[in-house]
Amino acid sequence: MQLEKGFLFRAVLIGGLGLLAVFSVGQAAAASLEVFHADSLAGPMKELKKAFEGKHQGVTINLTSGVSKQLAERILKGDACDVFAPSSPAVVEEDLMNKRIAGSGKAAASWYVIFSANEMVVITGKGNPLGISHVADLAKPGVRFVRVTGEKDLATNRTIEFLKQAAALEGKPELAQKIIDGAVVDPSKPNTVPDTIRAVKEGKANAGVVYYSAAVAAKNEKVAVDFVKFLLSAEGQNI
């Protein structure tokens, strides 16, 4: 897989959304935690779920992934959610901050913390058979390119900006719009990050643009999770 680095974005974490009851993890015999998260964070969230449940017997984390802004809409409508991890502070500030959850009147969000950064990358089929090494290669005849297209999906505009910036850096800014317009698009079905990855993996497209976190699996999952836990420990936070 060829990766073409782009610009960073920040993911945020909100706690205490729509809590029906407060429980102490150390004392509760059994409890469940509802976590909504951006689909681009699916990989890390699964590992965090595994690590957290391993340290807190009797606690089950239920993960719900999706487009950040659509998940925010669900929260405002009253869907049960204890922790929300969208892919941008803007989702919190614009869609949840100072707003009330339907039916309960509780604040949708009163605080958040930035916990990660990510970037956009180009992915290709296994072995990169077409030898795609630059964004300009996506404009070549015969290259089937796929991208995120959902109106409410933050990855849509991020992909477009990434392509424009990368094409400009390569000295061929005029190719950006050609690549964007030439993407394989189904108007009846918005394309998500998982859809984009699936299309490339299944050979329906030769290349696509997605978040780095969604494109690359951990090479050393155990140590990676240990590192994340350390980052969130008291010692890690002090550093």
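Student: Which residue just after α3 takes a positive phi?

Tutor: Happy to start there! This is a predicted model, in which local features need pLDDT of at least 70 and side-chain atom pairs count only at pLDDT 80 or more, while totals for chains, interfaces and linings use all residues. Residues are numbered from 1 along each chain as its sequence is written, and side-chain values use heavy atoms, with hydrogens and water left out. Just after α3, a positive phi of about 65° is found at asparagine 98.

Student: Which residue caps the N-terminal end of α3?

Tutor: Helices here are DSSP runs (H or I, at least four residues; strands are E, at least two), numbered from the N terminus. At the N-terminal end of α3, a side-chain oxygen lies 3.1 Å from the backbone nitrogen of alanine 90. The residue that supplies this oxygen is serine 88.

Student: Which residues of helix α3 are buried?

Tutor: Buried means under 20% relative accessible area, exposed over 50%, and partly exposed in between (1.4 Å probe, protein chains only). Helix α3 covers residues 89-96, and its buried residues are Pro89, Val91, Val92, Asp95 and Leu96.

Student: How many helices and strands does the chain have, and what share of its residues is buried?

Tutor: The secondary structure comes to 9 helices and 7 strands. The chain has 239 residues, and the buried share is 42%.

Student: How much space lies in the largest cavity?

Tutor: On a 1 Å grid over the protein atoms alone, a cavity is a set of points where a 1.4 Å probe fits but cannot get out, and lining residues have an atom within 4 Å of a point. Grid points are joined across faces, edges and corners, and the volume is the space filled by probe spheres set on the points. A search of the whole structure finds 1 cavity of 30 Å³ or more. The space in the largest cavity is about 40 Å³.

Student: How do the residues of its lining divide into nonpolar, polar and charged?

Tutor: The lining includes Ala38, Asp39, Gly66, Asp153 and Tyr211. Ala, Val, Leu, Ile, Met, Phe, Trp, Tyr, Cys and Pro count as nonpolar, Asp, Glu, Lys and Arg as charged, and the others, Gly among them, as polar. The division is 4 nonpolar, 4 polar and 2 charged.

Student: How many salt bridges does the structure hold?

Tutor: Side chains of opposite charge can pair when their charged atoms come close. A salt bridge is a side-chain nitrogen of Lys or Arg within 4 Å of a carboxyl oxygen of Asp or Glu. One of them joins lysine 50 and glutamate 47 (3.6 Å, N to O). The number in the structure is 8.

Student: What separates lysine 50 and glutamate 47 along helix α1?

Tutor: An α-helix has 3.6 residues a turn, so residues three or four places apart point the same way. Lysine 50 and glutamate 47 are 3 residues apart in helix α1 (residues 42-55), so their separation is about one helical turn.

Student: Which residue forms a salt bridge with glutamate 202?

Tutor: Glutamate 202 counts as partly exposed at 47% relative accessibility. With the closest N and O atoms 3.3 Å apart, its partner is lysine 204.

How values were computed
Polar contact = N/O pair within 3.5 Å; in protein donor to acceptor, adjacent residues only side chain to side chain. 1 Å grid on protein atoms, 1.4 Å probe; cavity = no way out; pocket = protein on both sides within 12 Å on 5 of 7 lines; lining within 4 Å.
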